[in-house]
Amino acid sequence: MPSCLPLVVYNDGTNASLDTKLTWNLNLGRLFGPAADRDEPIYRWFPFRHSFSRHLVQDLLAEWQIGSGATILDPFCGGGTTLLASGQKGINSIGYDILPFSVLLSRVKTRRYDTTALRRVLDQLRLDVDVDVSFLDEKPAFLRKAFPPDVLCRVLGMRESICQITNGSIRDFFLVALLSCLESLSFTTKTGGFLRFVAKDLSFVDPTQMVRSAALAMIEDLELASCTMPEGVRADVRLGDARLHSRGKVCEALITSPPYPNRHDYTRIYLLELLIGSSMSESEIKSLRYRTLRSHVEARQQIRAVGYQRPAALERILDCMAQGNLNNSGLLRMIAGYFEDMHLCLVASARRLRSGGRIAFVVSNARFGGHCIPVDTILAEIGQGLGLKVLDIRVGRVRGNSPQQMGRFGRAESRESIIIWEKDSQSRLGRMQSGWTASGTCAYSSCKGGLQEQVTWKI
Ligand SMILES: C[S@@+](CC[C@H](N)C(=O)[O-])C[C@H]1O[C@@H](n2cnc3c(N)ncnc32)[C@H](O)[C@@H]1O
């Protein structure tokens, strides 16, 4: 049993001023997941399980009095909730994600379509074609295990037909329809943050019918004029790294949810979508896995945050964990890396924000081997060190630990919160952490040496 337990996660003195920023609103918690939008046109096209609700975005936009003409940034756009929810209010957006599948999904949900053209293409689309079964030998073993052979032949056949559509937006649209059926057509399920194999009877599934129905339902959603992106409103979605998006249009506000440090690996959860939808090879996916944010143990350091200093509270937790019995030696590296990466995200995000603009990060505290990590107050402190003013840490959900953990380590609650910062026009460079030079220049160097990006910080 770890020697320095129970760990008091807040009110531990280090973050005392930030503890006063904690406000509790347990009604907010239901907006931290996608359930509220499960039946909502467009949002329901693909069950992206790590999404928050559109209400969370639209409530913040209303509270911050952000209206049409403004631009909102989401550096971890995932299933595109911030972009679509802002668009529906007439607000432009810019989104980044490192996962090609997230970029595809977000783009498809935020485009405007000619539904007559979509119906015409669907009528002509050959969805009843199979690739030759011998073709499967070249496919990754994972795909062969995930689907019955006849279903996989049909899925790949449909994919080939869709790829022949010449109009890129229409092609992406039908690709998402196909991808939205993969979970039902395979022996997999996405639960608890993992892609798992499950026993299913797939002998009666009709892949062609399923994909056609999914595509039709998507078109019908678009025909409900009230839910589509208004004319002239733009969502610019790009493949990119949230630690490196510091150049570009200055935005009015930022609403996002970074990966939680809970070991969920998006490249594994969305493995089928990456293999089939993005045509990535297994080795390309592995390399992407290493490059994702260090919220899981396989991600590797890509960028060094020159001058970043760990907050004292984090340092103490890491010391404490090092003395305990962690079941995975990579966890300490992961947690330390997570906060260094988040420091980089905050720097990049703040640079893209106008003075007085607000940032909302939905985050969750984490618990490993009985050690509680107050991600919200530690991140708030990192932002504060960069000159961002912490307005509020809104706690929306509190999770208890499992009965086994409770027996071993005692009761410990874990918060899920929204941290809200303001880029204060009065901020001074002197409030920033050491390593920032007087002129406010920060160098990001890649781990292999060469300079990745040179950033000049000015508020
Ligand atoms: C919690 S999800 C975001 C969900 C989103 N708020 C929504 O409502 O759909 C986090 C996203 O971060 C992405 N991600 C992980 N590492 C990243 C990085 N370094 N840069 C940008 N995106 C990254 C993942 O691919 C995932 O889509």
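Biologist: Which residues are buried in helix α16?

Modeller: This is a predicted model, in which local features need pLDDT of at least 70, side-chain atom pairs count only at pLDDT 80 or more, and totals for chains, interfaces and linings use all residues. Residues are numbered from 1 along each chain as its sequence is written. A residue is buried if 20 or more other C-beta atoms lie within 10 Å of its own, exposed if 12 or fewer, and partly exposed in between, with C-beta atoms placed from the backbone. In α16 the buried residues are V375, D376, T377, I378, L379, A380, E381, I382, G383 and Q384.

Biologist: How many of the residues of helix α16 are buried?

Modeller: Helices (H or I, at least four residues) and strands (E, at least two) are DSSP runs, numbered from the N terminus. Helix α16 spans residues 375-385. The helix is largely enclosed by the rest of the structure, because its buried residues number ten of the eleven.

Biologist: Is I42 buried or exposed?

Modeller: I42 is not a glycine, yet it has a positive phi of about 75°. This residue sits in the loop between β1 and α2 (54-63). Because 21 other C-beta atoms lie within 10 Å, I42 counts as buried.

Biologist: Is Q65 buried or exposed?

Modeller: Q65 also has a positive phi, about 55°, without being a glycine. Its place is the loop between α2 and β2. With 7 other C-beta atoms within 10 Å, Q65 counts as exposed.

Biologist: Which residue of β6 is the bridge partner of I94?

Modeller: Strand β3 (residues 92-97) and β6 run parallel, joined by five bridges. The partner of I94 in β6 is D236.

Biologist: Which residue of β13 stands opposite R397?

Modeller: β12 and β13 pair in the antiparallel sense, over ten bridges. The residue opposite R397 is E416.

Biologist: Which residue of β12 stands opposite W24?

Modeller: β1 and β12 pair in the parallel sense, over three bridges. Opposite W24 stands V395.

Biologist: Which residues come nearest to the ligand?

Modeller: A residue is near a molecule or strand if its C-beta atom, placed from the backbone, lies within 6 Å of it. There are 22 residues around the ligand. Those that come nearest are S51, F76, G78, G79 and T81.

Biologist: What percentage of the residues in the chain is buried?

Modeller: The chain has 17 helices and 15 strands. Of its 459 residues, the buried part is 45%.

Technical notes
Pairing = 2+ DSSP bridges.
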